[in-house]
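Work through the exercises below with the coordinates open. Each task is followed by a solution in steps.

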Amino acid sequence: MKKSAFLLSIALVFPSISFASDDMAVNENTINENVIYYDYTFPYDINDYDDSVLQNTSFAFNAKKGESQVEIDNLDASEVYLNGKKVADKKEIDGNIADGKNYLDVLDSKDDTNVSIKASKEEKALETKRETLDKGTTDLLEKILDEEVKKDFAGGQISVMKDNKEIYNHNFGYKNNYYKDGKPIEMEKRDRVDDSTMFDLASNTKMYVTNYSLQKLAYEGKINLDDKVNKYFDKFKDSDADVIKGKNNITIRDILMHQAGFPADPQYHNEKYDKDDGIKNGKNDLYSQDRNHTLDMIFKTPLKYEPGKDTIYSDVDYMLLGFIIEKVTGMQLDEYFNESFVKPLGLTRTTFNPLENGFEKYDTAATELNGNTRDGEVDFNNIRRDTIWGEVHDEKAFYSMNGVSGHAGLFSNARDLSKLANIMLNNGRYEDTIFWDKKTQDLFISPKQTDPSYGLGWRLMGNGKYAWAFSNLASSKTYGHTGWTGTLTVIDPVENMVITLLTNKKNSPVLNKENNPNVFYSDQSLSAGYGAITTLLYKSLQESSPEQIIALSDELVRGKERLIRENDDYFNIGQINDYIALKNVNDYYKEKYKTLIEVNNILEEFKNADKILKEENPSPSQRVTSTLYSPNLKLDWNYNVYLPKNYDPKKAGGYPVLYMLHGLGGNHTNLLERFDSKAILDKVIKKTGKDMIVVFPDGFNSFYIDQNDGMKMEKAIMEDLIPYIDKTYNTRKSRNSRAIAGISMGGYGAARFALKYPDKFSKATLISPAVWYNLDEENNIRKNNHAFKETDKEWSDDFYKKMHPETYIKNNLNVDFYIRTSLGDSTVPFNDVNKFVEALKSHNINTIFIKDSKDNEHNWNYWKNIAYDFYKWVNESLE
């Protein structure tokens with residue numbers, strides 16, 4: 001099933017607007033360390049569409065009253081809810097922004113709807129007085145699960161703990177749904193999932209057995225994360241035959257971060273598997289169905305890559321960690337876990353090997369129907385062929401590890417597992433018992449530098465990379481894990497909340513065993529994909545309305561139908577049956593709220609009629625693309641012009657004009673296409689009430705100078721372009737009504753023009769200006785740009801220094817500068833821009849200098865975010 005990670009990262013792309021409050025004073029020393037920008041365009045392209053559906057429409061952001069802003073273009077094309085309330089205009093949007101966490105839903109997008117948010121980086125819990133989850137939303141969730149169960153999808157349990165209390169618990173479906181031949185068992189013959197039903201946790205074992213044990217042992221000083229494996233097992237070392245070496249130096253930390261070099265799944269249990277043993281001979285030289293021998297086979301397993309050089313999620317990592325715990329404690333892993341956690345916590349439904357520890361198979365939920373055969377597609381020694389029930393499904397855990405392994409094997413119910421997970425929200429404590437301290441815990445949940453979705457074992461939100469499971473509504477500090485059998489744990493320290501979702505989604509026929517024997521019928525359901533369920537649980541922290549519930553139900557139907565129609569991977573019986581289940585839910589709510597829908601339809605008709613009557617149908621703004629012949633360039637020269645709404649070529653007094661210069665490698669269309677300058681300028685003019693013309697010339701890679709034996713771009717702009725624009729368009733000819741601006745290379749050019757021709761320009765805006773003072777020999781600008789060549793030199797330092805904007809600085813020059821760059825710019829170092837600014841200030845030149853946070857780079861994402869601000873400054877400054 002396709003999953004897309006939606007990155008809620010710093011300085012996201014803004015195609016249409018950036019924000020500043022109307023009365024905000026611009027501070028030349030402002031550093032926007034506490035601001036984060038989000039941008040979304042709806043509907044998502046099908047290639048980016050997450051199959052949980054709600055992940056494509058529901059989002060969270062944090063706000064500070066009076067500072068944060070939400071702008072939505074083409075609002076009428078979507079149905080928008082902010083904090084559960086439907087909003088129809090800017091006033092309603094502003095009125096519904098809450099201080100702290102906010103939820104936004106953009107539903108039923110019929111045309112492009114752009115949402116731009118200026119938010120706060122400070123994350124807070126959703127402000128609510130509720131002590132239980134919203135019944136309207138949980139009823140929708142439960143109705144979805146019930147209808148999916150009617151279509152023979154998986155059973156399961158949900159538990160939610162918040163502030164150390166269980167606030168929600170729900171069971172759905174059955175323990176076993178099918179006969180071995182794939183036919184559904186008659187409903188009356190099935191056994192319902194109840195509170196006590198235990199589920200095979202699969203890889204959640206990694207966290208709540210192995211990680212918990214290691215966190216405890218590390219806190220007690222019994223292990224060190226930088227211990228090498230061969231400290232505990234001297235057999236674990238490189239051999240002369242190893243193609244890739246590195247075992248001698250592998251540490252516990254490497255293994256926890258899944259960077260030890262092991263293959264993902266060497267299938268120790270399968271004598272026929274011959275892909276990871278390093279010897280192509282038609283058999284598995286790592287084969288083992290004996291727990292003690294398996295350890296030797298792990299030692300023998302060839303590395304796939306040099307440790308630390310890659311990240312590959314591997315079960316071998318946690319099998320080995322389990323053995324290390326046993327070596328340190330002198331106890332088998334299950335015994336140590338029982339003594340250290342199960343007994344102190346009073347867990348009664350948590351164990352390895354349930355059938356060997358006092359439980360019957362009916363105490364558990366069944367998994368695969370035909371053993372581990374994938375409905376007859378797979379075979380190996382001693383393979384189980386009957387429905388797996390009460391035994392661990394994972395092959396390595398069952399056959400090679402006797403049911404007890406660090407990577408899989410634990411069974412539990414949702415309530416026990418939530419209680420276990422809740423230890424993390426108390427920094428390693430349960431009542432008077434201390435398992436570890438906050439310092440130890442913080443170490444384990446710190447993000448890996450090369451992939452922030454990995455901690456030490458834990459899976460992290462990772463700038464949204466794990467939102468597909470945790471939900472877009474989860475905080476950025478959320479962590480947890482998933483399990484292949486259909487299990488999920490979510491730990492959100494900002495909300496102080498644990499979500500546990502346990503299902504037996506592998507208890508269904510293989511969907512298409514010839515195509516992919518690892519994809520099952522129940523994998524197609526919403527509950528199996530996690531994200532829709534977690535999103536609805538997060539939404540249930542907030543009060544809903546019937547109108548919103550209907551809208552969410554509508555969206556689920558539309559989204560599922562779209563996946564089936566537009567993506568061939570989803571055209572299968574499982575997805576179609578899930579669509580039918582969601583359609584049944586939708587029909588139920590439409591009948592339940594029939595009167596409300598009829599009233600809303602009438603109101604919508606009145607609203608549309610009123611809009612038509614009031615519409616003035618003004619002449620829109622224009623983007624004009626044209627050419628002029630430049631005698632200085634000796635060519636037909638491309639340019640674009642932005643003309644404001646209702647542009648009048650005969651308007652008395654004309655219009656102020658801005659010349660906007662692009663960066664290296666760009667052209668006259670860059671600033672109109674890489675971000676939508678036309679839409680942004682429309683908004684600026686609407687806000688300020690001041691019209692303005694903007695000219696976008698093609699600057700090639702000229703740095704806007706007169707080159708020694710190349711383009712005479714400076715002369716072309718001053719002698720050809722400006723007179724032509726003044727003649728062709730209704731511009732004001734005064735310097736006080738003319739500005740010049742640029743990004744990167746364009747910022748360099750704008751600085752030179754403003755300083756050299758103060759009689760022509762009164763304002764200059766420089767964004768990430770390329771005002772390097774020194775470029776080392778290896779710099780690509782020196783190697784690949786010939787603007788500063790001289791005679792036989794491809795690059796002349798003397799000519800570069802001669803052309804540098806600082807050369808033209810004079811005392812008390814009557815030009816106002818707006819300069820903006822980021823502390824994290826790795827292309828034009830901040831120090832170079834700062835040096836240039838200091839030179840301006842030392843000559844008493846009026847300069848506003850804004851330093852944005854180091855999270856921003858020298859790229860389009862950053863420039864899009866601030867475009868509204870710098871266009872607005874120019875617009876308000878010109879006469």
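**Exercise 1. Which side chains make polar contacts with the side chain of Asn372, and is Asn372 buried or exposed?**

Step 1. The side chain of Asn372 meets that of Arg384 at 3.0 Å, and a second polar contact, of 3.4 Å, links Asn372 to the side chain of Glu395.

Step 2. Note the source of the values: this is a predicted model, in which local features need pLDDT of at least 70 and side-chain atom pairs count only at pLDDT 80 or more, while totals for chains, interfaces and linings use all residues. Residues are numbered from 1 along each chain as its sequence is written, and side-chain values use heavy atoms, with hydrogens and water left out.

Step 3. Locate the residue. Asn372 sits in the loop between strand E11 (351–352) and helix H8 (395–400); helices (H or I, at least four residues) and strands (E, at least two) are DSSP runs, numbered from the N terminus.

Step 4. Check burial. Buried means under 20% relative accessible area, exposed over 50%, and partly exposed in between (1.4 Å probe, protein chains only). Asn372 has 1% and is buried.

Step 5. List the surroundings, taking contact as heavy atoms within 4.5 Å. Beyond its neighbours within four places in sequence, Asn372 touches residues including Val378, Phe380, Ile383, His393 and Tyr399.

**Exercise 2. How many salt bridges are there, and which parts does the pair Lys124 and Asp99 tie together?**

Step 1. Apply the rule: a side-chain nitrogen of Lys or Arg within 4 Å of a carboxyl oxygen of Asp or Glu. The count is 58 salt bridges.

Step 2. Take Lys124 and Asp99, which form a salt bridge at 3.9 Å, N to O. Lys124 is in the loop between strand E7 (113–120) and helix H2 (135–150) and Asp99 in the loop between helix H1 (90–96) and strand E6 (100–107), so the pair connects parts 25 residues apart in sequence. Lys124 is partly exposed at 34%, and Asp99 is partly exposed at 36%.

Step 3. Take Lys175 and Asp191, whose closest N and O atoms are 3.1 Å apart in a salt bridge. Both lie in the loop between strand E9 (165–172) and strand E10 (199–200), so this pair ties parts 16 residues apart in sequence. Lys175 is buried at 6%, whereas Asp191 is partly exposed at 34%.

Note on methods
Polar contact = N/O pair within 3.5 Å; in protein donor to acceptor, adjacent residues only side chain to side chain.
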